[in-house]
Amino acid sequence: SSGINAEWPLRPGIHSIFEMKATLLILAAVLCYAETVCVWGEWKCNATESCASTRGDGTFYCSYGCYKGYCASQCMGWCASTDIHPSGCCTTCKEWCYVSADPDSGLGADYKTCSTHDECDGVASNSCSSACTL
C-alpha cells in the first residue's frame with residue numbers, strides 16, 4: 001500500500017461537511033459586514049436610497065438611535081470638509097447630534113425624547129437640533 005487512501009474522494013459526507021462549513025463561514029462574514037455598514041453598530045441604520053453607494057452596499061448610510069433619552073443621529077460637521085460623501089449622507093466619521101422633534105425645525109429646536117432606538121425611526125432624517133460633535 002502506498003499510504004494514500006483511495007476511498008477518501010469517494011466518501012460522501014466529507015465534502016458536503018466541508019462545503020457546509022465553508023458556506024456558513026461565508027454567510028457569517030456577509031452578515032457581520034451588513035451589520036457594520038453604519039458606524040455605530042448599537043444604533044440603527046438609516047438606509048435611504050439616496051445614501052446607497054453605487055456599489056449598493058450602504059456605504060453612506062447614517063446611524064441613528066436613542067442616546068441618553070433623546071433621539072440622536074450621525075451627522076457631518078467637521079468631517080464634511082474632509083470626507084467625500086453625497087449631500088445628506090454620512091461616512092465612517094463618528095460625529096453625532098441630537099435631532100429635532102419637528103422636521104421643519106433646526107438648530108435649537110426641542111429634541112425628540114425616546115427610550116428605545118425604534119422610537120427614533122420617524123425623526124432619523126430630521127435636522128440636527130444640537131451641534132454636530134465628535
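Which residue forms a salt bridge with Lys 44, the closest N and O atoms being 2.8 Å apart? Asp 121 is that partner, a salt bridge being a side-chain nitrogen of Lys or Arg within 4 Å of a carboxyl oxygen of Asp or Glu. The pair connects distant parts of the chain, with Lys 44 in strand S1 and Asp 121 in the segment after S4, 77 residues apart. Salt bridges with shared partners join Lys 44, Asp 118 and Asp 121 into one network.

The model is predicted: local features need pLDDT of at least 70, side-chain atom pairs count only at pLDDT 80 or more, and totals for chains, interfaces and linings use all residues. Residues are numbered from 1 along each chain as its sequence is written, and side-chain values use heavy atoms, with hydrogens and water left out.

**Salt bridges**

Two salt bridges are found in a search of the whole structure. In the one between Lys 44 and Asp 118, the N to O distance is 2.8 Å. Here too distant parts of the chain are linked: Lys 44 lies in strand S1 and Asp 118 in the segment after strand S4 (96-98), 74 residues apart.

| Residue | Relative accessible area and class |
|---|---|
| Lys 44 | 26%, partly exposed |
| Asp 118 | 51%, exposed |
| Asp 121 | 39%, partly exposed |

**Strands**

Strands are DSSP runs (E, at least two residues), numbered from the N terminus. Two strands pair if DSSP finds at least two bridges between them. Strand S1 (residues 44-46) runs antiparallel to S2, with three bridges, and Asn 46 stands opposite Cys 62 in S2. S2 also pairs with strand S3 (residues 70-74), in the antiparallel sense and over four bridges. Tyr 67 stands opposite Tyr 70 in S3. The hairpin of S2 and S3 has two residues between the strands, and Lys 68 takes a positive phi near 55 degrees there. Strand S2 (residues 62-67) is mostly covered, with five of its six residues buried.

**Nonpolar core**

A nonpolar core is a set of buried Ala, Val, Leu, Ile, Met, Phe, Trp, Tyr and Cys residues joined through side-chain atoms within 4.5 Å. The largest one has ten residues, among them Tyr 64, Cys 66, Cys 71, Val 99 and Val 123. Leaving aside residues up to four places away in sequence, Val 123 touches Cys 71, Val 99, Ser 100, Ala 101 and Lys 112, where contact means heavy atoms within 4.5 Å.

Terms used:
Buried < 20%, exposed > 50% of the residue type's maximum accessible area, 1.4 Å probe, protein only.
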